[in-house]
Amino acid sequence: MGITAWYMDSSDEDQRTPHRLNPNQPVSLDQLKKLGVFYWKLNADIYETDPELEQIRREQGYSYMDIITIHKDTLPNYEEKLKMFFEEHLHLDDEIRYILDGQAYFDVRDKDDRWIRIAMSKGDLITLPAGIYHRFTLDETNYTKAMRLFVGEPVWKAYNRPADDFDIRQKYVTSLQGC
């Protein structure tokens, strides 16, 4: 089984709930690819020695990695960090995350500025392109362990919306034309 994605409702209720429209409006992997979002399903139980992960890292140039556990007992300033992760933002580089355990959501904007929620669980690896507006949150289990991958040294800087003047945002928006 792979990730599932859907268009979100506009409710301000608990960010950790699914927020599906009624009726549900699913989003396919092909639709996500058109937005520059790519996905792999891997075996997280062997992430330390997984040849498929090694191949992806080699092909994509992901030379740096670390692991973050997001849970109130393991992450300093847990509530503050969750609020920060859920603030709509973009990065100047791709964001690559591999869920090693637990579950989480990435929300991304489509070309019409509608939110798409991507549900991720153990074994899901996703890349979000530089310049895409997005946010991250846990689901109701309040726990995930993720590998963060980077090309070169990690850049942790997020630019909250509005950030439309950045060249990378303009390049991303241009890439969506014709989709």
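**Entry 1: histidine 91.** I found histidine 91 in the loop between β5 (89-90) and β6 (95-109). Strands here are DSSP runs of E with at least two residues, helices are runs of H or I with at least four residues, and both are numbered from the N terminus.

**Entry 2: a note on the model.** This is a predicted model, where local features need pLDDT of at least 70 and side-chain atom pairs count only at pLDDT 80 or more, while totals for chains, interfaces and linings use all residues. Residues are numbered from 1 along each chain as its sequence is written, and side-chain values use heavy atoms, with hydrogens and water left out.

**Entry 3: what histidine 91 touches.** I set aside its neighbours within four places in sequence and listed the contacts (heavy atoms within 4.5 Å). Histidine 91 is in contact with Ala130, Gly131, His134, Lys157, Ala158 and Ile168. Next I looked for polar contacts, which are pairs of N or O atoms within 3.5 Å; within protein, one must be able to donate a hydrogen and the other to accept it, and residues adjacent in sequence count only if both atoms are side-chain atoms. The side chain of histidine 91 has one with the side chain of glutamate 95, at 2.7 Å. Another, at 3.4 Å, links the side chains of histidine 91 and histidine 134.

**Entry 4: histidine 134.** With a relative accessible area of 2%, histidine 134 is buried. Beyond its neighbours within four places in sequence, its contacts include Glu87, His89, Glu95, Phe106 and Trp115.

**Entry 5: histidine 89.** I found histidine 89 in strand β5. Histidine 89 is buried too, at a relative accessible area of 6%. Not counting residues up to four places away in sequence, histidine 89 touches Glu95, His134 and Tyr159, among others. Its side chain reaches the backbone oxygen of glutamate 87 at 2.6 Å.

**Entry 6: the record.** Which residues does the UniProt annotation "binding site" cover? In this unreviewed entry, they are His89, His91, Glu95 and His134. They are spread over 46 residues of sequence but cluster in space, with a largest C-alpha distance of 11.6 Å. His89, His91, Glu95 and His134 are also in the lining of the largest pocket. UniProt positions are given in the numbering used here, feature names are shortened, and annotations may be inferred rather than shown by experiment. On a 1 Å grid over the protein atoms alone, a pocket is an open set of points with protein on both sides within 12 Å along at least five of seven lines, and lining residues have an atom within 4 Å of a point.

**Entry 7: aromatic rings.** How many aromatic pairs does the structure hold? I noted six. Rings of Phe, Tyr and Trp (its six-membered ring) pair if their centres lie within 6.5 Å; planes under 30 degrees apart count as stacked, over 60 as edge-to-face and the rest as tilted. Phenylalanine 85 and phenylalanine 136 make an edge-to-face pair, 5.9 Å centre to centre with 80 degrees between the planes. Phenylalanine 85 is in helix α3 (residues 78-86) and phenylalanine 136 in strand β9, so this pair ties together parts 51 residues apart in sequence. Phenylalanine 85 and phenylalanine 136 are both buried. Tyr64, Phe150 and Trp156 form one aromatic cluster.

**Entry 8: arginine 97.** I looked up arginine 97 in strand β6. Arginine 97 counts as buried, at 13% relative accessibility.

Terms used: 1 Å grid on protein atoms, 1.4 Å probe; cavity = no way out; pocket = protein on both sides within 12 Å on 5 of 7 lines; lining within 4 Å. Buried < 20%, exposed > 50% of the residue type's maximum accessible area, 1.4 Å probe, protein only.
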